[in-house]
Amino acid sequence: MNNNDFEIRSLYQNILVGLLSIKKFHKNYYARNKSLRNIIANFLHVPSLEKKEDRKFLINAVRDEEFIYANDGEFFDVTMYKNLELIKNIFCRCNSIFNGLSKNEIRLLIIIELCCKSALRDVFYSSDDPFPFRDFCLLCEYVLQSKRKSVLISVKNLLKAEIISFSGAKKMVTLQPVFHNELLRLSEIPSMQKFDLSYFKVTGSDADKPFSECNLITYTGAWSSSYIFTKLEKEEIRYWYAGDTGACLRILHFLIENQLKDQYIWLDDYDNVEKEAEKMITSQAEKINAKLIISGSKLKNAFNKECIAVSVDDAGVVMIVRELFPNEVEKSLCYFLPKLSDSEKKYRFLIEASKVIENAGVEYAIQSIPDLFSKINCVDSLDSEEENSSEALKVVDEKEFIKRYGNNEFTVNASDSAVRERIKEIYKKLQAPADYLRADKEMFGKIENLFNLHPNILDKEKLFAFLQNAILFSKGQIISLPPLLFLGSPGCGKTLLCRQLREVFGQDNDVFLPMGTGGGVSALLGSTPEYKAASHGKILAGIWEATEKINCLNPLIVCDEISQCGHTSDSNQQVFPVLLQLLEKENMRHFHDNFFDVPIHNFQPNFICTANSLEPIPEALMDRINVIKFRDYTEQELKNTLIPYQYEIFKNSHNELVPENLSEEEIDLIYKMSEGKPRRIQPCINMVLAASFDINGKRKKLDSIKREYLLKTYADVKQETIGFSF
């Protein structure tokens, strides 16, 4: 069961085959149940099968169905199943109610979940034709390839664990709320490494107490997260993980709403925020007697409590290296680690090295460790950043620039004087005053208006929560979004929403990176001066291009069509490993461009990616990004929302002759001409308005002949310009 999503698809397929082929059912569920016929037709993408009576043909068709849908969710859209990401976490190694279950009991739970949450619900929980428990057991025997006695034992064990129950006199099997609560809890816990507690050194009051004896406990230090995770696992505590203040408040709201008391909540990567937020968290936690565990790399007196300091001495670091890394890498790391001055840098060095191994392999990691050491070693400590936070923000430090390039007559690897001039020009731009895009509560109203223009956002509440947290809980009102991925078919408004969001945040210009046009790594990070026509990358340029007034340190950067950037065979232009690094906020704090090789300080860009499909995107990248799904526009949404909006854009860019509004007939004509394709709306507006005015600028009504002519003309234009997208 290594590939869990395939396991779920396989179970779904076998359920359909079982419903068609088991003859011992007390009813013929195919003949009597129209819902099942519809499900099979959708599953096979053949609507004509809804009336097919040959069951043998259908059984073979379902068995032969190739699972061409991989990670893009299309298969689960067909099956109307939305809990894929949650159900995967049933295999999580963290302490959970699922740990003691057998493989068959886990698979039985997934079958019940599919029956409850997918299109199959109409078969198993139909009020007109209920599916009895004895038939459900027959089906499970078939799908699990187990004997009836084994299935009944599994059901009995799950009943005893209070994970499932029987619903009413009909004895229909249903899932208890604890099942989905547990899936939700596990889905938020990131992947972490468990170590021996003896590796860590903890100092402070309550340091030796178990978590069960502390209602509120706070930790500080780079190693605090690793220590807390290890201790929670050792004490076998089931906890809720919150990566930021907003997530913590959402968890508390959920627990209060569901009356779940005496829970543990771990608020990780916490930074000191306004005391009002801390008061809100503690007051909410008291309502349900929740225990709070707070951790952050540089916490000071958080929640009015003295923080327990967590560190690892050199001997402990060596032991951790032996656990985390293969022998070939261990020697290289142990050579460089003693040269790093503090525990924070050692922690970052090991984390970065493990990411390189995960993304690029051991051989590449061995080669890149010296460069990684140099990068970590030259970075100022976070202490100095805190001390200088009240000073004017600077993008580059003059001392670091002089150290890298010398004084006025600095040299670079390339002898070309044009390269030197470009580097001077970049330095001059980065010396300009800098600031962040900052949040204000008026943005909420603008965001709500945006959502009205995009009725096809499927994960609207999820997106609003991210935007709300970026505005409401931002430290120093600095807008900070988690990495987002807008997923949907071409023309569904993904890129448009990105541009509208940057306007809401007060960014003047687009920082737009079309990933499908080639360029790869050099387009993002620049190319080293040794190459001909070398230049800086677009991410660095985004600092001064985002606004006309100042250098922007948290621009909204759009990586468009990232699903198309993995097609190159050139390993030097593989963008996905670079994106993995860019989406880690810690990496961006001291960003390096390959051309302008000086650390960029205080850089906190907000990344939004777009894609038509998830299939080419590696799983490691998906773990670092939050997916927001878009569906296609309906006819009414195009006519009522998108066409009027596109017309407003057209009207604002032309003179006063353009009519105030379009008539219903004109909107209908534009819709027909565009064939419901959003990208064709603007040229269709052009053609309709051109046909509506004579040479003297007087408006005339379009008769039926003119309308037919427009429809035919635009169809001819499309045919002649095949290969171009409107």
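Guide: A residue counts as buried when its relative accessible area is under 20%. By that rule Phe211 is buried, and so is Tyr219. Keep in mind that this is a predicted model.

Visitor: What share of the protein counts as buried?

Guide: Of its 726 residues, 50% count as buried. The secondary structure around them comes to 33 helices and 17 strands.

Visitor: Why is the pair of Phe211 and Tyr219 called edge-to-face?

Guide: Two numbers settle it. A pair of aromatic rings is described by the distance of the centres and the angle of the planes. Ring centres must lie within 6.5 Å, and planes over 60 degrees apart count as edge-to-face. For Phe211 and Tyr219 the centres are 6.3 Å apart and the planes stand at 80°, so the pair is edge-to-face. The structure holds 20 aromatic pairs.

Visitor: What makes the pair of Tyr647 and Phe650 stacked?

Guide: Here the cut-off is an angle under 30 degrees. The planes of Tyr647 and Phe650 are 20° apart, with 6.4 Å from centre to centre, and the pair is stacked. Both residues lie in helix α30 (residues 635-652), three residues apart, about one turn of the helix. Tyr647 is buried, as is Phe650.

Visitor: Which residues do ring pairs link into a cluster?

Guide: The cluster consists of Phe195, Phe200, Phe211, Tyr219 and Tyr227.

Visitor: How do you know that the charged end of Lys231 sits over the ring of Phe211?

Guide: The limit for the distance from the charge to the ring centre is 6 Å, and the charge must also be within 35 degrees of the ring normal. The charged end of Lys231 is 4.7 Å from the centre of the Phe211 ring and sits over that ring. Arg499 is another case, lying over the face of Phe512 at 4.9 Å from the ring centre.

Visitor: Why does Gln646 count as buried?

Guide: The relative accessibility of Gln646 is 14%, under the 20% limit, so Gln646 counts as buried. Gln646 is found in helix α30. Leaving aside residues up to four places away in sequence, Gln646 touches Pro678, Ile681, Gln682 and Ile685.

Visitor: And why does Leu669 count as buried?

Guide: Leu669 has 0% relative accessibility, so Leu669 counts as buried. Its place is in helix α31 (residues 664-674). With residues up to four places away in sequence not counted, Leu669 touches Val688, Leu702, Arg707, Leu710 and Leu711. Leu669 and Cys684 are 15 residues apart in sequence and 8.7 Å apart in space, C-alpha to C-alpha.

Visitor: How many cavities of 30 Å³ or more does a search of the whole structure find?

Guide: The search finds five. A space is called a cavity because a 1.4 Å probe fits there but cannot get out. The largest cavity has a volume of about 80 Å³. Ten residues line it, and the closest to its centre are Phe124, Tyr125, Phe131, Phe136 and Val173. Two elements, α9 (133-144) and β2 (172-175), each supply at least two residues of this lining.

Visitor: Which classes of residue make up the lining of the largest cavity?

Guide: The lining has nine nonpolar residues, no polar ones and one charged residue. Phe, Tyr and Val count as nonpolar.

Note on methods
Residues are numbered from 1 along each chain as its sequence is written. This is a predicted model: local features need pLDDT of at least 70, side-chain atom pairs count only at pLDDT 80 or more; totals for chains, interfaces and linings use all residues. Side-chain values use heavy atoms; hydrogens and water are left out. On a 1 Å grid over the protein atoms alone, a cavity is a set of points where a 1.4 Å probe fits but cannot get out, and a pocket is an open set with protein on both sides within 12 Å along at least five of seven lines; lining residues have an atom within 4 Å of a point. Grid points are joined across faces, edges and corners, and a volume is the space filled by probe spheres set on the points. Helices (H or I, at least four residues) and strands (E, at least two) are DSSP runs, numbered from the N terminus. Rings of Phe, Tyr and Trp (its six-membered ring) pair if their centres lie within 6.5 Å; planes under 30 degrees apart count as stacked, over 60 as edge-to-face and the rest as tilted. Buried means under 20% relative accessible area, exposed over 50%, partly exposed in between (1.4 Å probe, protein chains only). Contact means heavy atoms within 4.5 Å.
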